[in-house]
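Below is a short report on helix packing, chain pairing and backbone details. It is meant to be read alongside the sequence and the structure.

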Protein chains: 2
Amino acid sequence: MSLKLYGYWRSSASYRVRIALNLKQLDYDYVPVHLVKDGGEQHLTSYQQLNPAELVPTFVDEDEDVILNQSLAIIEYLHERYDSGEELLPEHRLDRARVRALSYDLACDVQPLVNLRVLQQISADFNADDEHKAAWARNWNQRGLSAVEKRLQTTAGKYCFGFDVSLADICLVPQVYNAMRFKVDISAYPLIEKIYHNCLELDAFERARPENQPDAQ
Amino acid sequence: MSLKLYGYWRSSASYRVRIALNLKQLDYDYVPVHLVKDGGEQHLTSYQQLNPAELVPTFVDEDEDVILNQSLAIIEYLHERYDSGEELLPEHRLDRARVRALSYDLACDVQPLVNLRVLQQISADFNADDEHKAAWARNWNQRGLSAVEKRLQTTAGKYCFGFDVSLADICLVPQVYNAMRFKVDISAYPLIEKIYHNCLELDAFERARPENQPDAQ
């Protein structure tokens, strides 16, 4: 088995896939793609050939001749392909739908608005300075986390969905990390705060943390 | 069977679910939620109880006591729950992963950046006028469609993934509709343009079009 993950330590989407690979107990080579240095290594021709969207992560399974982009597509694939480790989605259809909905609340409604390229675009288009950019990122994180906190009132146990880790936790932890970078007060979301800490007690989440990656600065 | 879809005619995410329901040959009641009138009906307390994120769409299956948000979670649920009509995802794991990746290229990397609430926020935060907002929406549509066009070179047949309609087409058609509203020249993306027209020849897509909804203006 020869698995590779092209990612960046601070990218939420890369962080998600690292957690999922760890939960599935899969060994992989981590290939850092620096999103800032020299205008961004994701724009190099060699990387574009792997991922024409010029974004991280990209996942490669050399044995299966698979090159996949999009963190959630990679994670669903890992769930379907490997029996090892934890299940990443619940067994029952409706539970699975609820976990996916929680995941997309974060992966579609928050993360896309607060990542590096969007903040760069706001600077370029609207002359936003660092404080404007942080305020923008805080606002979307707060709106998103506030909605998720309400949903968790009916779904949460130790984790986002009951007492098993799932895709929803895989999306939540990197989003909380992002929110904290922009000084969002996480204690305003007590369920989220509790689940975040419960997750980080697990080795799979701990090893996936940005600061534990070889490209961390 | 009693299915309800709360949506808005012009919302891309609502449009996706309408297509999926039609492809699965499911009858449903369409409940319009006006995103602009009176500050937005999605913010009414009655709607918040259905969807605390105050976004459309929300799907209700009264027989199963199901209330679901997030268009992609709804569509995966419809795929898993109903045998009727078309399959929305391919049978084989790797094909499914590729279709999901294409779908998320649009649903995570483009649509979240160009929807109504984001354009409203840009006005509020940066004083952007209509032309600034349109330029912002054009830019993200162009970057996203350009990446998808490259991927389609290895996946497309009559539709995004070979010769069967899939989740990727369900995401593509509403995105093209959005891009055209902002005057993106779709002929710059010949595969996307071809697939868009092939899809609209299908009754399921035709009936789902924004202008064919009761709340169209």
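## Helices α4 and α8 of chain A

The crossing of α4(A) and α8(A) is left-handed; a crossing has that hand if the near helix is turned anticlockwise from the far one by less than a right angle, and is right-handed if the turn is clockwise. The model is a predicted one, in which local features need pLDDT of at least 70, side-chain atom pairs count only at pLDDT 80 or more, and totals for chains, interfaces and linings use all residues. Residues are numbered from 1 along each chain as its sequence is written, chains are lettered from A and ligands numbered from 1 in the order in which they are written, and side-chain values use heavy atoms, with hydrogens and water left out.

Helix α4 covers residues 93–107 and helix α8 residues 167–181 of chain A; the two pack at about 20° with their axes 8 Å apart. Axes here are lines fitted to C-alpha atoms, for helices over the stretch in contact, and angles run from 0 to 180 degrees between N-to-C directions. Helices (H or I, at least four residues) and strands (E, at least two) are DSSP runs, numbered from the N terminus. α4(A) and α8(A) are therefore roughly parallel (angles under 35 degrees count as roughly parallel, over 145 as roughly antiparallel, 65 to 115 as roughly perpendicular and the rest as oblique). On α4(A) the contact (heavy atoms within 4.5 Å) is made by A:Val99, A:Leu102, A:Ser103, A:Leu106 and A:Ala107, and on α8(A) by A:Leu167, A:Ala168, A:Cys171, A:Leu172 and A:Gln175. By class, this contact has eight nonpolar, two polar and no charged residues (Ala, Val, Leu, Ile, Met, Phe, Trp, Tyr, Cys and Pro count as nonpolar, Asp, Glu, Lys and Arg as charged, and the others, Gly among them, as polar).

## Helices α1 and α8 of chain A

Helix α1 (residues 12–23) of chain A also packs with α8(A): their axes come within 9 Å and cross at roughly 140°. α1(A) and α8(A) are therefore oblique to each other, and their crossing is right-handed. Residues of α1(A) in the contact include A:Tyr15, A:Arg16 and A:Ile19, while those of α8(A) include A:Cys171, A:Pro174 and A:Tyr177. The contact residues divide into nine nonpolar, two polar and one charged.

## Helices α7 and α9 of chain B

In chain B, helix α7 (residues 130–155) and helix α9 (residues 190–200) pack at about 85°, with 8 Å between their axes. That makes α7(B) roughly perpendicular to α9(B). The contact is made by B:Leu145, B:Val148, B:Glu149, B:Leu152 and B:Gln153 of α7(B), together with B:Pro190, B:Leu191, B:Ile192 and B:Ile195 of α9(B). Seven of these residues are nonpolar, one is polar and one is charged.

## The two chains

A rotation of 180° with 0.0 Å of shift along its axis superposes chain A on chain B, with an RMSD of 0.0 Å. The two copies are thus related as by a two-fold rotation axis. Superposition is by least squares on the C-alpha atoms of residues with pLDDT of at least 70 in both copies. Within chain A, A:Cys108 comes closest to the rotation axis, its C-alpha lying at 2.5 Å.

The contact between the chains takes 46 residues from chain A and 46 residues from chain B. Of the interface residues of chain A, 100% are also interface residues in chain B, so the copies meet through the same surface. The chains bury about 4,400 Å² between them, 59% of it on carbon and sulfur atoms; buried area is the accessible area (1.4 Å probe) that two parts lose on being put together, summed over both. A:Arg93, A:Arg117 and A:Phe126 supply 15% of the area that chain A buries against chain B, more than any other three residues.

## Backbone details

The peptide bond from A:Val56 to A:Pro57 is cis, with omega near 0°. A:Pro57 lies in the loop between α2 (45–50) and β3 (58–61) of chain A. In chain B, a cis peptide bond joins B:Val56 and B:Pro57.
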